[in-house]
Amino acid sequence: MLVSQSSPYPSNADAAASERALLERRARLLGPTYRAFYRNPIHLVRGSGVWLYDAQGRKFLDAYNNVASVGHCHPRVVEALSAQAATLNTHTRYLSEVILDYAEKLLGTVPAHLGHAMFTCTGSEANDLAIRIAQHSSGGTGVIITDFAYHGATIATAQLSPAAVGAKGVLAQHRTVTAPDTFRDHGRAANDFAKNVAAAIEDMGARNVQPAALLLDSAFSSDGIFFPDAAVMREAADNVKKAGGIVIADEVQSGFGRLGQGMWGFANYDIEPDIVTMGKPIGDGHPMGAVLVRPQLVASFGSNTGYFNTFGGNPVAAAVGLAVLEVIEGEGLIENARNVGAYTSELLRALQSRHGAVADIRHNGLYFGVELTADGDEALAATKTSAVVETMREDGVLISSCGPRGNVLKIRPPLPFARDNAEQLAETLDRALSNW
């Protein structure tokens with residue numbers, strides 16, 4: 001007699017009904033502000049390495065998630081988190097060796113002039129704190145950003161995030177400059193970037209605004225992912241410093257070895273930032289952020305204003321942060337980003353030769369921007385780019401899009417991404433582009 005074995009997963013009909021109920025419940029409880037990825041949102045229940053699994057047991061290749069920088073649920077990170085959480089978790093007003101061990105190791109990854117570490121819970125908080133320090137130390141108020149930047153979700157950082165709030169949401173004392181677009185108009189915007197920063201400083205002066213900082217995402221992630229010439233970037237930084245401002249390197253997206261040429265994106269430009277901010281990948285999914293800063297910038301700030309964050313830099317966060325750094329080093333993930341990134345770039349460029357819609361491929365390590373065009377029709381290109389993202393999701397590979405026109409595929413996998421993962425990504429993208 002045969003005994004039927006039921007599947008551990010629900011039927012398609014049951015799964016669809018369950019997900020509709022989940023979406024309705026989400027809308028009722030969380031309201032309209034929370035927006036899910038993809039037209040057909042994914043109900044994820046598990047993650048491991050570069051893979052995510054939904055409630056039906058389907059496996060997705062994660063080619064987008066820089067939050068899980070060293071891979072989803074990395075055993076070493078999970079072990080460190082669990083062990084410290086089971087021992088002690090307080091805050092930085094008490095003495096703690098693990099917090100100091102982490103600060104020392106993290107500071108060891110940046111140039112020696114960055115001598116102090118300050119901990120937060122998010123990249124938004126890190127950028128917010130960096131702006132406070134910059135304004136206090138410089139005496140200025142104006143911050144220069146790129147015209148489609150994203151730097152956070154606090155009041156101060158949202159007002160420096162035109163990608164989120166639009167140009168009208170940027171405060172009057174701040175200035176936006178055209179991102180260093182290396183593709184359009186033969187890269188004119190990239191070549192003129194330093195001049196545009198100088199012009200922004202001059203315009204501030206004409207309106208009695210003292211510049212406080214140049215706030216830069218080293219990969220220009222929201223602007224469309226660009227890697228401009230190092231000399232131009234150094235000149236832009238020098239222009240700000242000559243005007244009495246400071247340079248803040250936002251490494252939330254480009255840091256922790258993603259670009260494959262070292263730990264930090266700013267090093268690609270040979271820039272000496274005054275402050276470095278970080279978030280997301282710092283904790284492999286644990287809510288963490290940090291500000292690394294020149295000691296002289298916080299001497300007055302610390303004595304006059306002070307800083308304390310109940311959860312920022314707590315012992316569990318410190319243990320997690322240490323584990324992430326140890327995994328990056330021990331598993332050779334920076335070298336992997338460089339090597340697998342180069343291989344992935346080759347595969348993507350092969351697609352460019354077969355698909356006329358692929359106008360440009362921008363790449364550094366495991367960070368890729370694939371710009372798509374549709375005969376000069378920007379609205380159509382954006383719609384079709386979104387369709388490519390959705391098609392790939394249905395085909396088991398997760399990516400996203402970015403840029404002011406919404407026509408750049410954003411590919412940013414966890415650092416353990418391997419050659420066979422790259423091949424699956426390229427094959428899936430090939431199929432999606434065939435429907436262009």
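At what angle do helix H4 (residues 123-138) and helix H10 (residues 295-304) pack, and how far apart are their axes? The legends below start with this pair. The model is predicted: local features need pLDDT of at least 70, side-chain atom pairs count only at pLDDT 80 or more, and totals for chains, interfaces and linings use all residues. Residues are numbered from 1 along each chain as its sequence is written, and side-chain values use heavy atoms, with hydrogens and water left out.

**View 1. Packing of helices H4 and H10.** The angle is about 100 degrees and the axes lie 9 Å apart (axes are lines fitted to C-alpha atoms, for helices over the stretch in contact; angles run from 0 to 180 degrees between N-to-C directions). H4 and H10 are therefore roughly perpendicular (65 to 115 degrees; under 35 counts as roughly parallel, over 145 as roughly antiparallel, the rest as oblique). From H4, Leu 129, Arg 132, Ile 133, His 136 and Ser 137 meet Leu 297, Val 298, Ser 300, Phe 301 and Asn 304 of H10 (contact: heavy atoms within 4.5 Å). Helices (H or I, at least four residues) and strands (E, at least two) are DSSP runs, numbered from the N terminus.

**View 2. Salt bridges around Arg 184.** A network of salt bridges links Asp 181, Arg 184, Asp 360, Arg 362 and Glu 371 (side-chain nitrogen of Lys or Arg within 4 Å of a carboxyl oxygen of Asp or Glu). Arg 184 pairs with Asp 181, the closest N and O atoms being 2.8 Å apart, and with Glu 371 at 2.1 Å, N to O. The latter pair links distant parts of the chain, 187 residues apart: Arg 184 is in the loop between strand E6 (175-177) and helix H7 (188-191), Glu 371 in strand E12 (residues 367-372). Glu 371 is buried at 1% relative accessibility, as is Asp 181 at 9%, while Arg 184 is partly exposed at 24% (buried: under 20% relative accessible area; exposed: over 50%; partly exposed: in between; 1.4 Å probe, protein chains only).

**View 3. The salt bridge of Glu 326 with Arg 76.** The closest N and O atoms are 2.8 Å apart. Glu 326 in helix H11 (residues 315-330) and Arg 76 in helix H2 (residues 75-85) are 250 residues apart. Glu 326 is partly exposed at 33% relative accessibility; for Arg 76 the value is 33%, again partly exposed.

**View 4. Positive phi at Tyr 38 and Asp 270.** Tyr 38, not a glycine, has a phi of about 75 degrees and sits in the loop between H1 and strand E1 (44-48). Tyr 38 is buried at 14% relative accessibility. Asp 270, with a phi of about 55 degrees, lies in the loop between strand E8 (246-250) and strand E9 (275-278) and is exposed at 58%.
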